[in-house]
Amino acid sequence: MPRKSESGHVQVPASSPPTRGKGAAAKSQPRVQGDGRTRGTSDGVDLKKALRDFAAARPDGWNHDDWIHFLEDLKARGHNINDRDAVGQMLERERLGVLLEKVPGMGPQRIQKLADSFGTVWRLRDASTDEIAGAANLPRALAEKVREAVKR
């Protein structure tokens with residue numbers, strides 16, 4: 001029987017009967033939600049948590065082999081990885097969030113604003129202190145701390 005997760009998304013257990021009718025194949029594949037979660041995964045593993053765990057374990061980034069192994073692991077867990085660019089973008093946002101959470105004074109709303117404005121550590125590294133401050137309405141001193149945190 002389907003149940004709702006804490007985020008309100010419907011989770012379908014692996015024992016659910018297959019969908020019949022038009023588009024049945026597409027409905028049986030896990031689908032990425034706007035917040036990075038998937039529906040219909042075989043073991044109920046949350047994509048956002050997998051992305052967060054991977055990024056947190058590698059705050060300085062990862063190499064090609066790490067990326068390929070991570071994608072294979074996601075696929076083995078039942079996640080749809082057909083759009084690797086989308087998975088990569090979500091992973092970069094998680095990495096940015098992991099780094100920004102370590103900056104004193106950065107709460108979830110400020111992190112979200114910076115993630116929305118810059119999207120990746122690389123883009124935030126290239127931003128000036130004034131651009132960072134303006135994007136999230138930060139005091140200049142905090143924007144300087146953010147810039148230092150991502151320059152490492």
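Me: How do the axes of α7 and α8 meet, and at roughly what angle do they cross?

Reply: In this predicted model, the two axes come within 8 Å. They cross at roughly 115°.

Me: Why is α7 called roughly perpendicular to α8?

Reply: The class runs from 65 to 115 degrees. The crossing is at roughly 115°, so α7 counts as roughly perpendicular to α8.

Me: Which hand does the crossing of α7 and α8 have, left or right?

Reply: Right-handed.

Me: What makes the contact of α7 with α8?

Reply: T129, D130, I132 and A133 come from α7. R140, A143, E144, V146 and R147 come from α8.

Me: How do these residues divide by class?

Reply: Four are nonpolar, one is polar and four are charged. Asp, Glu and Arg count as charged, so D130, R140, E144 and R147 make up the charged group. Ala, Val and Ile count as nonpolar, so I132, A133, A143 and V146 fall there. T129 is the polar one.

Me: Why is T129 called buried?

Reply: Buried means under 20% relative accessible area. T129 has 11%, so T129 is buried.

Me: What does T129 touch beyond its neighbours within four places in sequence?

Reply: T129, found in helix α7, is in contact with R140, A143, E144 and R147.

Me: How do α5 and α7 pack?

Reply: At an angle of about 120°, with their axes 8 Å apart. This crossing is right-handed. α5 brings R110, K113, L114, S117 and F118 to the contact. α7 brings E131, I132, A135 and A136.

Me: What is the class make-up of the contact of α5 with α7?

Reply: Five nonpolar, one polar and three charged residues. Lys, Arg and Glu count as charged, so R110, K113 and E131 are the charged ones.

Me: Which residues touch the most other members of the largest nonpolar core?

Reply: L100, M106, L114, L124, I132, L138 and V146, out of 21 residues. Helices α4, α5, α6, α7 and α8 each supply at least two residues of this core. The largest share, five residues, comes from α8.

Me: What does L114 touch, not counting residues up to four places away in sequence?

Reply: L96, L100, M106, G119, I132, A135, A136, L138 and V146.

Me: What makes up the second, separate core?

Reply: This core has 14 residues, among them W67, I81, M90 and V98.

How values were computed. Residues numbered from 1 in each chain as written. Predicted model: local features only at pLDDT ≥ 70, side-chain atom pairs only at ≥ 80, totals over all residues. Heavy atoms only, no water. Core = buried A, V, L, I, M, F, W, Y, C linked by side-chain atoms within 4.5 Å. Buried < 20%, exposed > 50% of the residue type's maximum accessible area, 1.4 Å probe, protein only. Helix = DSSP H or I, 4+ residues; strand = E, 2+ residues; numbered from the N terminus. Contact = heavy atoms within 4.5 Å. Axes fitted to C-alpha atoms, helices over the stretch in contact; angles between N-to-C directions. Parallel < 35°, antiparallel > 145°, perpendicular 65-115°, else oblique. Left-handed = near helix turned anticlockwise from the far one by under 90°.
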